[in-house]
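Please read the following note alongside the sequence and the model. It sets out a few points for discussion.

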Amino acid sequence: LVAKTPSWAETLWVYWQPTNQVLYSVAGRLTLETWRGLSGRAPPAFDERIVRLPAFVAALASVLVLALLLAEWGFPRAGVGAAFLLAIHPWAIRFGADGRSYSFVIGLAALAALLLTRALHSGAWSRWWRYGAVVFAMLWSHLFSAYLVVTLALGAAIAVLGGPGSARTKRAQLGRLVVVNAAAVMLVAQLMAPNLAQTGQWRGIFIGDVETAHLTLPALGHLWSLASVGMEAREPEVPERAPGLYPSLADAPWRYAVVLGVMPILFALGVLRLWRLDGAQRWVALGLASGIPLALLFNWINQDQWYPRFGAYWLPVTTGFAVLGLDVLLERLHFRGARGARVRSVGMAAGLVAFQLFAWPQTQVHLTRPHTPSREVAQLFERGLGPGPGRGIRAAFGNVDGDIVMAAYDPWLRVPTDAAEVRALVSEARAAGVPLVLVYGHPDRNRRTRQDAMRLFDDRTLFREVATLDAIEVEHLMRVLELRSPGGREEPHGD
């Protein structure tokens with residue numbers, strides 16, 4: 001076995017599917033290579049926890065940035081509360097362990113709003129270039145943040161045109177806004193030109209192969225559920241799902257009252273309070289809030305691919321605005337002076353504790369289960385079949401979330417993609433007289449799109465279940481099967 005280390009050109013520019021979120025690929029590779037160097041391990045030594053470390057650091061930084069943003073807008077108490085809410089929010093926790101750029105764009109969205117507010121107040125080129133650097137980082141992290149870049153720029157332009165100052169000062173501010181945004185876009189376009197050139201090739205393959213999730217009213221509700229309380233609206237009902245292990249709103253209908261009643265009211269109160277701010281802060285806040293609505297509008301018009309995680313950078317908005325709405329309600333309590341401050345602080349703490357109790361079932365999932373049990377499956381393979389090529393065939397059926405990660409742990413992995421290839425592996429194992437151990441994930445998608453293969457896996461005369469390893473959501477769990485010794489039928493069939 002020869003370990004091939006990818007070149008930096010591959011890290012930066014291979015875009016065979018749209019999951020190479022480049023800034024994270026760079027950060028993850030740097031942390032992995034640093035870990036190998038410090039620990040004395042050589043390729044292909046791998047630990048996904050090390051690769052996910054930049055996401056964790058970014059998630060922690062996002063908490064601080066959100067507190068600073070609301071303090072900049074004049075709400076220090078709400079800033080502390082919003083930072084705490086973001087820290088305990090299940091969706092933020094999930095992205096803090098996700099080896100992709102979503103935790104980057106959450107923090108960068110809040111940082112962009114903070115630096116844009118300061119640039120509008122100061123007008124100094126140094127402030128504007130700092131904002132431009134964050135715009136560049138957002139776009140290089142995840143191109144879907146382009147909608148937020150547009151709405152922040154529109155908000156800033158309105159703030160400049162409607163704000164104080166001479167016509168000359170306004171022209172200078174607008175010019176700086178245009179220059180730094182143009183510079184960021186041009187730099188991203190230069191750096192990602194090879195990536196963008198590949199989109200025409202993968203787009204047809206990707207959307208043709210994967211069931212496209214178009215934007216619908218239930219999809220909007222699902223996004224709001226995740227962004228407001230971090231809980232799935234409904235988890236797929238599949239045989240692999242153990243009862244009670246995957247909480248959702250549908251499991252306890254009273255939760256809808258919180259998601260569709262309490263949270264929208266708090267959010268709306270936060271929006272109204274921000275509307276009363278002075279020009280720059282008001283329009284930056286609305287620009288920050290409008291990025292995802294603009295993305296949803298374009299997605300609905302184009303009926304393009306949509307996943308809720310694309311809306312990750314709305315988290316500073318949903319958490320910050322909801323806590324600000326709670327702060328507005330607490331200000332309505334007629335207590336003044338030191339006593340009033342204590343009452344409002346206690347009320348804020350009580351609201352955050354109530355949120356934690358509400359979201360605890362989902363939080364517990366993230367605290368006790370792996371994002372995807374790739375490492376655990378690889379270890380199970382090694383225990384059962386031995387290290388290296390071992391004494392049998394190990395396979396991961398197509399649409400295993402994390403099968404590439406599993407291949408990093410276990411380079412001897414075979415990856416069948418349809419029922420015919422599974423039958424070929426069964427015949428190979430029987431002919432050689434060796435065990436066949438196979439894993440699959442994405443049970444809902446596979447049961448809808450690869451029914452022939454799933455009939456094979458459900459055939460108890462052909463396979464026996466070794467384990468079902470749970471994850472943070474149903475589609476990430478993995479079911480491990482072992483081929484039974486030939487005593488029943490000689491050849492598998494699933495047609």
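**Notes on the sheet and the cores**

1. Ile393 stands opposite Leu436 in strand E2. E2 (residues 436-440) and E1 pair in the parallel sense over four bridges; strands are DSSP runs of E with at least two residues, helices are runs of H or I with at least four, and both are numbered from the N terminus. Two strands pair if DSSP finds at least two bridges between them.

2. This is a predicted model, in which local features need pLDDT of at least 70 and side-chain atom pairs count only at pLDDT 80 or more, while totals for chains, interfaces and linings use all residues. Residues are numbered from 1 along each chain as its sequence is written, and side-chain values use heavy atoms, with hydrogens and water left out.

3. The open sheet has four strands in the order E1-E2-E4-E3, with mixed pairing. At its edges lie E1 (393-396) and E3 (463-469), each pairing on one side only.

4. His442 is found in the loop between E2 and helix H21 (443-449). Its phi is near 45 degrees, a positive value in a residue other than glycine. Most residues other than glycine have a negative phi. His442 counts as buried because its relative accessibility is 11% (buried means under 20% relative accessible area, exposed over 50%, partly exposed in between; 1.4 Å probe, protein chains only).

5. The largest nonpolar core has 105 residues, of which Trp73, Leu120, Tyr131 and Leu288 touch the most other members. Such a core is a set of buried Ala, Val, Leu, Ile, Met, Phe, Trp, Tyr and Cys residues joined through side-chain atoms within 4.5 Å. A second, separate core of 19 residues includes Ile393 and Leu481.
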